[in-house]
Structure formats: structure tokens, C-alpha cells
Amino acid sequence: MTRVRRPSPQTIAVLSALAATPAEWRYGYELGREIGLKAGSLYPILMRLADRGMLETSWETGPPPGRPPRHLYRLSGAGRALAAETATPATAAPRTSRGKLRGAW
Amino acid sequence: MNGPSVGTGAAGRLLALATWLLPAARREWGLAMRAEFLQVEGRSARMRFALGCVRAALLQPAVLRPIGFLAGTTTAVCLVLAGGIVHTGARIVITTLVLVLASLAWLGGRPGLLGPAGPSRTDLAVRAGGFAAAGVYLLVAVLDNRGPQYLRPELGVPLGMILLVLYVVVMLAMTARGSTVAPAAPAFGIGAGLLAGAACFAVMPFERVLPPLADGLPGHGLWLVAIVAGAPALAMAEVGRRTDSPRQALLAALIGGAVCAAVVAVLGDGAWLVFPDRMPSIVPQNAGPAAVRHALNRLEAGDAYVEAMIWGALLAGVTAAMIRPAVRSWTVVLRATTVAGGVLAFACAETGNVDLAVLTVLAALVCGLLTLATAPRRTTPPPVTEPATGTP
């Protein structure tokens, strides 16, 4: 039997932010800024969520000339279920006492 | 989808480093980072983003593993070199052992004959225990070779070193994902070998010339002989009952025998390190200063334990020949040669042809390893991976 660990506060914050607009595709940089996570913390979380089927990823279509397409993210059905599961009162405050998530770099 | 360059500034170079560090399976994420990087405004923000990307890349297990491995190996080599081993030969031998064990550990994690570890907890436990034992051996070897040496230490180390490497190779092959060895065989075999080895050491003449340690036990400890023979036999019976396979049962007995031989050799030599003042005096008193006599006594007393190592090597060779199923005629011939060599070696030893026995053990060992290397591996379906991309 696989042991299911409770996601970290940072992961819960990512899930919550994506679950706020579940149908919308989000950019990584903006997502990180919204929840106060630096790239060093955000990307490993996004990779893990994608590996576990919680996250759908896609590439931007029709980017302006000279700019590469950006990666887009949104929750899958399983991701939305996990976000709903983790959005309990006990985990509703994943931020530190300073009001920001502890994100490295 | 390479897109425009991220520039040649420090932040751009860091981002290039991050995307380079990412394993092949994560290349898509490198492109994602690069596209986001181009959206970041401000020099310091770009630098922070690039640093974060480097951190994200370094946190990937596929990146962390080789870095940790390299760091561990380098640390071990540095400890050996700084460990006070003054004799150049011993330094070379022990450093080589560290590098060989590190290479084997690396191969044990790569797909192939030696790895990666099978899914069973026993496989992981056997590997962890095997490498822990190898680490202890290395540590003891370093401590044992510190300070002045009165004999040529490089003459004493290689046999133990060769046996250790052989055991590690067999252990890895046995617990690799492609192995057909049932987890019960090493589990019961090792347990029986540890028990039988301790009993065997106790009933043997202590350090060749002193009464056996078991002499003080009721019945002079002769009942321990039943443990020496019975433990591997019980392991064989139990594994046979659990797996319904004569090959698995035989493997349990072979593993038990090999571990038993190693335990005897380790205890025999280890006693000189733990109880140096209680060891026998075999060489004449005029053989030299006390330190030289101690070294010579140890060498003389070690004959029985060297013999145990040779039998251990033979059993490890035969075990290697039995790890994978012999379905090709070439493999069948090699395996039969290995087993025949083992029987012949015993016969030679019993008739006093020691040199021939040693040569036969070597030949059987080579045949056993060749059998292992040429036997087909069990094929397992590749893991199913789903693409992470979707459509907007």
C-alpha cells in the first residue's frame, strides 16, 4: 500500500492558487509571484505535481515573434480533488508568521 | 523549441547551467524556465530567478545522486589518504578498494547486471547490509594499517580485498532487478551463514594453535558442529519449502556457506585487532622485536582463515553461477564446469594437493562469474510514463 503524505504548505499554496481558477492556464513566473514562491521552490513542486498526474501542462500557442512559447499549468481532475482535500481549516494558513511562504532563492 | 538566447550575462549563464543540469527527462522544464526567464524584468530579479532555477535543477534526484556519490567517494578517498597510512603500498591498495567499491555502488544503481535493486525490501536490506559491512571492513583496514608496518602490508590486504569485491558483486547481482533469486534465499542464507560462521569459529582451534573457544562450553561445545552443518541445511529446507524450487534452496545453502566462511575469516583476523594481548606466540622469541613477532604471529595464525577465504571465494563463484537461469547451452556448460570445479577443489584439498585446489578454485570462480555475465536476464516491462502535456 502506498503511503500518502500530506503535501507541504508550499505545495498546498500552489494547489490553492491553481484551484482558484481551475479552468485557466497559468504561467509559472506569475504563479510564483502570486503565492510568494521563488523558482527554486516552485519548479520542483510543479514537476512533482505533473509527475503524479495532478497538473496538466501545455505550451503557449502563438507567442509574439521573437519570444519562445511559455509553459502553462492548470490542475487536472486529480489535482483539483487533492486541492479540495487539502483546503481544510488546519491547512488554510500555509504562510509563515511574516505572511509569506518560505521559498528558497 | 530552442527560442532566442537568454543572454551572456551572469543570470543568463546561470540559467544555461540550470537547463544543462536538468536530466534528459526534464528538458521540457528547462525550456519552460528559459521562457519564463525572458519575462522577468530587472537585473536582480533575473538573477534570483536564475539562481532558483539552478536550485530546482540541483534538487532533481537524477542530479543529486551523482553529485552525492562523487562527494561521498571523494570524502572516502580523502579520509583514507589522511588516515595515517604511511606505507605507500597499503595506501594504494585501500584507495583502490574504495574506488572499486564506489564503482560497484554506482553500477548497482544503473540498469544492468548489477542493478538497480529489486523491489523487495529484502533486496534493499541485503544491499544496505552488504555495503555497511564493506564500509566497516574499509574502516578497519585503514585503522589496521596506520602507523609503522613491520611486514609488507600490501601482501596481506589483496586477498581480503578481492573476496570483499567478489562478495559485493555477487550480492548486487543477486539483488538486482533482473535477478531470479527469490528474496527468501539471501534472507535465510545470510542468517544461517552468520550463525554457522560464529559456531564454526568457536569450534575451530583458536588462531590455529590454541584450544577452540568452545572448549569451555558444556560437552566442549561439540554441539556447535550441529549448528555449523544444520543452519545452512535448515535455510535450504525452508527456502525450498517456501519457493518450491531446488535452485532457490541450493542458493540459500550456498549463500549460507559463503557467509559462514567470511565470518570465520573476519573473526579470526579481527581477534588480533580486538585482543592483541591474548593472541598466541607461534614464532620463536628470537624472531625479532615484539612488534615484529606480533605481526609474524598474526601471519602464521592466519592460515586457517585464509583457507576460509578461499572456500568463501569458491562458494561465491558457485553462487554467481546459480543466480540466473541457465537456458543457453553455453551457460549450462559454464555452470556445470563451475560446479565440477568446486567438487574437484574439495577433492584436491582433501588429498593434500593444496596448490591444485587453489588453482581449481580460481578456475571455478572465473567460470562462475562468466556464467553470471553470460546468462540472460529476466525481462521486466519498462515503467509506463505519461506525457505531462495537455492542450489549452
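In strand E3 of chain A, A:Arg74 is the bridge partner of A:Glu56. The structure is a predicted model, in which local features need pLDDT of at least 70 and side-chain atom pairs count only at pLDDT 80 or more, while totals for chains, interfaces and linings use all residues. Residues are numbered from 1 along each chain as its sequence is written, and chains are lettered from A and ligands numbered from 1 in the order in which they are written.

The bridge belongs to an antiparallel pairing of E2(A) with strand E3 (residues 71-75) of chain A, which extends over five bridges. Strands are taken to pair if DSSP finds at least two bridges between them. Helices (H or I, at least four residues) and strands (E, at least two) are DSSP runs, numbered from the N terminus. Strand E2 (residues 55-59) of chain A is largely enclosed by the rest of the structure, because four of its five residues are buried. A residue is buried if 20 or more other C-beta atoms lie within 10 Å of its own, exposed if 12 or fewer, and partly exposed in between, with C-beta atoms placed from the backbone. In a regular strand the side chains alternate between the two faces of the sheet.

Chain A as a whole contains four helices and three strands, arranged from the N terminus as α-β-α-α-β-β-α. Of its 105 residues, 40% count as buried. Contacts, defined by C-beta atoms, placed from the backbone, that lie within 7 Å, were also examined by their separation in sequence. Among the contacts in chain A between residues at least 6 apart, 62% join residues at least 24 apart. An unreviewed UniProt entry places the feature "domain: Transcription regulator PadR N-terminal" at residues 26-83 of chain A. UniProt positions are given in the numbering used here, feature names are shortened, and annotations may be inferred rather than shown by experiment. Over residues 26-83 the chain is 48% helix and 21% strand, and the end C-alpha atoms are 16 Å apart.

Two packed helices are described by the angle between their axes and the distance between the axes. In chain A, the axes of helix H1 (residues 9-20) and helix H4 (residues 77-86) come within 9 Å and cross at roughly 115°. The contact involves A:Ile12, A:Leu15, A:Ser16, A:Leu18 and A:Ala19 of H1(A), together with A:Gly79, A:Arg80, A:Leu82, A:Ala83 and A:Thr86 of H4(A). Axes are lines fitted to C-alpha atoms, for helices over the stretch in contact, and angles run from 0 to 180 degrees between N-to-C directions. H1(A) and H4(A) are therefore roughly perpendicular to each other. Angles under 35 degrees count as roughly parallel, over 145 as roughly antiparallel, 65 to 115 as roughly perpendicular and the rest as oblique. The crossing of H1(A) and H4(A) is left-handed; a crossing has this hand if the near helix is turned anticlockwise from the far one by less than a right angle, and is right-handed if clockwise.

Chain B has 14 helices and zero strands. Its C-alpha atoms fill a box of roughly 85 × 55 × 40 Å along the principal axes, and buried residues make up 42% of its 392 residues. Among contacts in chain B between residues at least 6 apart in sequence, 72% join residues at least 24 apart.

Helix H2 (residues 27-37) of chain B is mostly covered, with nine of its 11 residues buried. Among these buried residues are B:Trp29, B:Leu31, B:Met33 and B:Phe37. The elements covering the buried residues of H2(B) include E1, H2, H3 and E3 of chain A, together with H1 and H3 of chain B.

Elsewhere in chain B, the axes of helix H4 (residues 61-81) and H5(B) come within 10 Å and cross at roughly 165°. This angle makes H4(B) roughly antiparallel to H5(B), and the crossing is right-handed. Residues making the contact include B:Phe69 and B:Val77 of H4(B) and B:Ile94 and B:Trp106 of H5(B).

The peptide bond from B:Gly115 to B:Pro116 is cis, with omega near -10°, and B:Pro116 is found in the loop between H5 and H6. Although not a glycine, B:Glu207 has a positive phi of about 50°; this residue is in the loop between H8 and H9. B:Glu207 counts as buried because it has 24 C-beta neighbours inside 10 Å. B:His220, also in the loop between H8 and H9, has a positive phi of about 55° although it is not a glycine. With 13 other C-beta atoms within 10 Å, B:His220 is partly exposed.

Technical notes
Two residues are in contact if their C-beta atoms, placed from the backbone, lie within 7 Å.
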